[in-house]
Amino acid sequence: MMLNRYLALAWLVPLIPIVNSQHIQPKKSHPSELRDDETVYFLDVSGLGISGTDFHRHGSLGIQLLEDLPNWHFVNRNEADDHFYGETEDGLVACHLMRHSSNHFDDKLVGMLNDRETNLWYEIKPDISGEILLTVIFEGDIPPSSTGDDHITQLYSFWNSLRSTWAYLRDLPWTLRIDPEKEQVIDVMIIWSENSECRRSFLGIDCTLTEDTRDNMHAALELVIATTNYALRVSDTSAVFNLTHAQRDTSGYRETEGTSKILTDMGVPFFGQLSYIHPLRDEHKADLVSFVYDLRIVEGDAPCGTALLPLIRPLPLAPFLAWSTYGVQCFAGYTPTHEFGHNLGCFHDRGTVGACDDNKNTDYGYRSPTGTFRTIMAYSCTRGECDDYQLGRFCSRIPYFSGPASYQNGEVLGGEENNCRKRIRLDKRTISRFR
């Protein structure tokens, strides 16, 4: 559904970002052609310092996105260039901002903020005219993810894996003396569909693609990897993702049949509609591969993402199960990080999959019995499942994998019996050697 094109007039909702006590006033903006059923506002970030070298050096950042929101103050928890990630001291709001630069375009600001009290996500992203827009979505409106259970996909993928299962055998002696503290870099390649690129720049289906739309998409994917690395870091996994390659699909693929078909077309060598990804993966030595689709053209109800699980043990996380796919509309809510988590060996929470009596596996996500949070791999808190959740409240996803650590409020993030952190630390080296 097309929004009323006058919905986003900036004078309706002022923006007042504050950096080192410098106040920036909102600017008057023009109407924009906006599509899909979401609330969108224009923002003025001209004084935010996204040009030059100062953006990542600020030790703290204050932002008031809308006039009826508080002025949130974040402490910088990442010293990487062009990134600003932090949380408020009470842990109720998370901030992910980064500056994207290219040879052709000026610096662009992309980011996400999550208010866990209201369960609202605020996405900051540019359109094709260079305007910085803010979209607002309730976390409960983000469709859930699913795990890939298409047996044909896994059968054909097994064929493709025969030449690279040696990675596990080669690492087997080393696996017996794993150093969980040693950092391992996992290379990721991401391919996106043409219509997902249209959607990211607020354009209609089958839009005219330009260098601007491509650049906007690439900036979004850099943010995906950066937010995933934030979750991996604060969860103490000693794993780091590297975006080794990202590009628009070159085959004219249309994702109308949903996520299982996408995974099949990715996984089938030679005959799959996306089989060109296999030599591309080898060329860029990508350990994991993702495909971004557009929910608007998927027939029926599509999940926000799907990934293959490492179902074959003791061969952990075999290279032929290194595929994931997620919707461009679902970057909020840590959906891509969730799908990567499946590739890393993690399951949903016990209640969602009915595994409360499973005493053998600990690779589960975790949701707080008090309803205050859920970890990356967990679904929303739901009554009537085996974990006997009783509260009638929505629990917001936090950027942590389950494990023995404690959250800001003192609650344990799952303990030893719900420990995705342990699974990632054990298998990260094998994954990093898939290619």
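Let's start with two aromatic residues, tyrosine 366 and phenylalanine 373, which are both buried. One thing to keep in mind as I talk: this is a predicted model. How are the rings of tyrosine 366 and phenylalanine 373 arranged? Their centres lie 6.3 Å apart and their planes meet at 50°, so we call this pair tilted.

Have a look at phenylalanine 241 and phenylalanine 340, which form an edge-to-face pair, with 5.1 Å from centre to centre and 80° between the planes. Where do these two sit in the chain? Phenylalanine 241 belongs to strand 13, residues 239–248, while phenylalanine 340 belongs to helix 7, residues 335–343. They are 99 residues apart in sequence, so this pair ties together separate parts of the chain.

Arginine 281 lies over the face of tryptophan 323, at 5.3 Å from the ring centre.

Now to the salt bridges. Side chains of opposite charge can pair when their charged atoms come close. In this model the count comes to 13 salt bridges, and I'd like to walk you through a few.

Please find arginine 374 and glutamate 139, whose closest N and O atoms are 2.6 Å apart in a salt bridge. This pair links distant parts of the chain, 235 residues apart. Arginine 374 is in the loop between strand 18 (364–365) and helix 9 (420–432), and glutamate 139 is in the loop between strand 10 (132–138) and strand 11 (146–147). Both arginine 374 and glutamate 139 are buried.

Next come arginine 214 and glutamate 211, which form a salt bridge with 3.6 Å between the closest N and O atoms. Where are these two partners? Both lie in helix 4, residues 211–234, three residues apart, and that is about one turn of the helix. Arginine 214 is partly exposed, at a relative accessible area of 40%, and glutamate 211 is partly exposed as well, at 41%.

Elsewhere, salt bridges that share partners join Glu123, Lys125 and Arg200 into one network.

Let me finish by stepping back to the whole chain. There are nine helices and 18 strands. Of the 435 residues, 60% count as buried. The chain exposes about 17800 Å², and carbon and sulfur atoms supply 51% of that area. And how much of the contact total comes from residues 24 or more positions apart? Among contacts with a separation of 6 or more, such residues account for 65%.

Technical notes: Residues numbered from 1 in each chain as written. Predicted model: local features only at pLDDT ≥ 70, side-chain atom pairs only at ≥ 80, totals over all residues. Heavy atoms only, no water. Salt bridge = Lys/Arg side-chain N within 4 Å of Asp/Glu carboxyl O. Helix = DSSP H or I, 4+ residues; strand = E, 2+ residues; numbered from the N terminus. Buried < 20%, exposed > 50% of the residue type's maximum accessible area, 1.4 Å probe, protein only. Phe/Tyr/Trp six-rings, centres within 6.5 Å; stacked < 30°, edge-to-face > 60°. Lys NZ or Arg CZ within 6 Å of the ring centre and 35° of its normal. Contact = heavy atoms within 4.5 Å. Areas by Shrake-Rupley, 256 points an atom, 1.4 Å probe, with all protein chains shown as cover.
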